[in-house]
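I opened this model to look up a few local features. My entries follow in the order in which I checked them.

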Amino acid sequence: MALPVEEWRLCAARRWAALEPALRERLAAASLHDTLRLGCGLLRPEAEAAALRRLCRRARAGKEPAAARFYREEGNRLFGRRHYGAAARLYSQAASHELPGSPEVSVCFANRSAALFHLGRFEVCLEDIARAESHGYPDRLLPKVLLRKAECLLCLGRLQDAADALSVVENKIAMDGIMTSPTHQALLKKLSQLKIKIHEKESWPEPAREACADIQRKSEIWEENDSISGASSSLSLNFDIERGRHLVASQDILPGQSLLKEEAFVSVLCPGESFLPQDSSETAWDTRVTNADLYCHRCLRQLLASVPCRGCSYAKYCSQNCADVAWEQYHRTECSLGALLLTLGVFCHVALRTVLLAGFAEVSRLVEWSHSGDKDLHNPEARCKHLSEAPDTRAGTRGIPGCNDNGQYQSSYQAVFNLLPHAEKHSPEHKFLCTLSVVAICKQLQEAGLEAAVLNQESSEKWSRPKICEKTSDELSPELKIMAEAMLRHVLQLQCNAQAITVMQESGSRDGAVINKKPVRLATAFFPVLSLLNHSCCPNISVSFSGTAATVRASQPIPSGQEIFHCYGPHRCRMRVAERQQLLSQYFFECRCQACLDEVESDVKSVVSVRNSFCCPSCQAPIQVGEDMLCCSNEACAISVSRESLSHHLRDLQQQIKKALELLRDRKADQAIKMLLKCRIDAGNFLSPEHLLMGEMEDHLAQVYATLGKWQEAARHLERSIEIVEMHHGPSSVEIGHELFKLAQILFNGFAVSEALSTIQRAEEILSVHCGPQSTQIQELQEMKTCLLELPRSVLQRT
């Protein structure tokens, strides 16, 4: 959720409508500095501020013992049903609501270690056992956990460590005296069994190490640019009035060549629905799994056993180190504002974290610079014109916005600050909403006694607990006004410069032989160098992410002198030009890329609209586009159908598909197949054969047949899905690469050797261009290929 929740947007809209017309006019024409100065007094304590407090009470970000009990009990229930992955996540949620250092949180870690043990994640299990011990796990329960520790060490082959752990358990039992309860007898039996296993393993000869075929990994050639941080030397930074700052190839570039590797200046994890303000009538505790449960809130690494924040229930980290670094850099300020930030949306959160990371001194310097006598600073278009006419612009990068005194463009706060906010293009109502939201954050900082921490970045120990603010005035301090002005600038910048960090997320369980993945928006970030890339509906690069780092690769040959283009919105293969233009309007430009110009000039109905269109329920001919009524294109038929009727039919079909997938999750594969086949017949009566939903159904059928081990049927359905995906996304798209990866898994498991090898080769060629030779999928493909090529020649000849 980028923007604030709807209730707050409506509240701000009512406040805007109630303002005097003269004040609205002043705000509409004001600079960012004046907008903030005028807006500070418009957040009324008894009205807007009170409404915001009510909304914040519905966003659950604090620690609540009742929630901890609920999640722990739910975890125990699922553990009993052997749903260990789900149980581990629930124990994590329980731990996030317990106080640090309490016996209760230690129980959460111990319970989670049991789930991790059953999942075979022994290293992480050991980490959780150590956490349980350090948080005061009850002494009477320690023997069971220590036996689990010994068993983990045994499974990892650390025999001496396992023996030492068993000695600790033996001493513990001996100190506790004679134990005759069934539980204690079971512990003694387990102890004896583990001692025997260790003795047996110690007596085994060291197994001969087989020579493993080394997977050939291509090394990426990389020479960094002298002027642009993180960019390849094959790029140059240019500037002109029409295109602004942009990157151009300074030499011929090959497909798959790395062009940019940049760490986000700032990133904020996108929360799930369960963390947003809810109606009081809704369930208090939500067990839905969201990004906030699956990824580290600092480095965005996938979580298996999260380390909770010591102050709130929302922030979770992959390690204690990440938790400590986040606390030092920004979370000690954000922690008590969790509910407010969830209510005001990710853009406001990114803006706050940006100024916290930059520090008050740098923020103050650049805000003061923006107030200097250069009138063009408040008129970006005029400033760009002067720069484009400057005699030294063509000779180098000195003078280009965001570059330092040496003409270098770095991934720095200065570069972020110089991204265009387009303040003059945003609607007055939107600017007012952003202003009220930023003022609300800064007032909360002031009221919570966090102002000094924000401005001076004092030690975390001193500010581990917010002080009660002595100030009683509603007026923001001059320093907080500077921070607020910078935040307002960043919120407005994000509409055009926010970069979504995406990840290929597994859908469903890993139990199957085929892992289905889909792209998911994980976080919103500022990438100053990546923001230099202009848009095209047919880009020549591909962007992939690893944690908070972005890598840009050429997706096609780029000759020297050609501009490097990124796709901000829908690709030309996925949407008609008119629809693309409508979506791209948020960036305040009309797209005139070559793809759009070609489509407009051809004056031919886009094939994209045909692929995703309805067809006649009677004769299956394409239906002509209309406003309310759609007519069959077959003159002999000429049936008319209301758009609402077909849309309703489509929604019903999507609900049926959803039910079929629920049957699959409940391991009712046969019923799922029957329902999906029925859906496919139904869809064929009113959707075009190339409609994306037709491909999705084929993909789902392939998934079900794969769970049953019916590899040939699975491959047949997936091949049909791939045909449709290729029509929509193109034969060398990353989407096709992911689909071919799934097909390779199916053919590998079905022992179709020659087909698997050819599919692996094609998938490698595509994915190495988009994701690089070191990506996880490329490595898995190479492992499959190595395994197949090592089969006996007689087997290869038969297949």
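I take buried as under 20% relative accessible area, exposed as over 50%, and partly exposed as in between, with a 1.4 Å probe and protein chains only. The model is predicted, so I keep to its thresholds: local features need pLDDT of at least 70, side-chain atom pairs count only at pLDDT 80 or more, and totals for chains, interfaces and linings use all residues. Residues are numbered from 1 along each chain as its sequence is written, and side-chain values use heavy atoms, with hydrogens and water left out.

Entry: Asp628.
I looked up Asp628 and found 59% relative accessibility, so Asp628 counts as exposed. Asp628 sits in the loop between strand 13 (623-624) and strand 14 (629-632); strands (E, at least two residues) and helices (H or I, at least four) are DSSP runs, numbered from the N terminus. Leaving out residues up to four places away in sequence, Asp628 touches Val641, Ser642 and Arg643, where contact means heavy atoms within 4.5 Å. From Asp628 to Ser645 I note 17 residues in sequence and 9.8 Å in space, C-alpha to C-alpha.

Entry: helix 9.
Among the buried ones are Leu142, Pro143, Arg148 and Glu151. I also checked the length: at 1.5 Å a residue, helix 9 should span 20 Å, and its end C-alpha atoms are 20 Å apart, which agrees. The expected span is 1.5 Å times one less than the number of residues. Just after helix 9, Gly157 has a positive phi of about 80°.

Entry: helices 3 and 19.
Helix 3 (residues 32-39) and helix 19 (residues 428-447) pack at about 65°, with axes 10 Å apart. I read the axes as lines fitted to C-alpha atoms over the stretch in contact, with angles from 0 to 180 degrees between N-to-C directions. Thr35, Leu36 and Gly39 of helix 3 meet Thr435, Leu436 and Val439 of helix 19.

Entry: aromatic rings.
I count rings of Phe, Tyr and Trp (its six-membered ring) as a pair if their centres lie within 6.5 Å; planes under 30 degrees apart are stacked, over 60 edge-to-face, and the rest tilted. The structure holds eight aromatic pairs. Phe527 and Phe545 have ring centres 6.1 Å apart and planes at 50°, so the pair is tilted. Phe527 is buried, at 0% relative accessible area. Elsewhere I note one aromatic cluster of Phe265, Tyr413 and Phe417.
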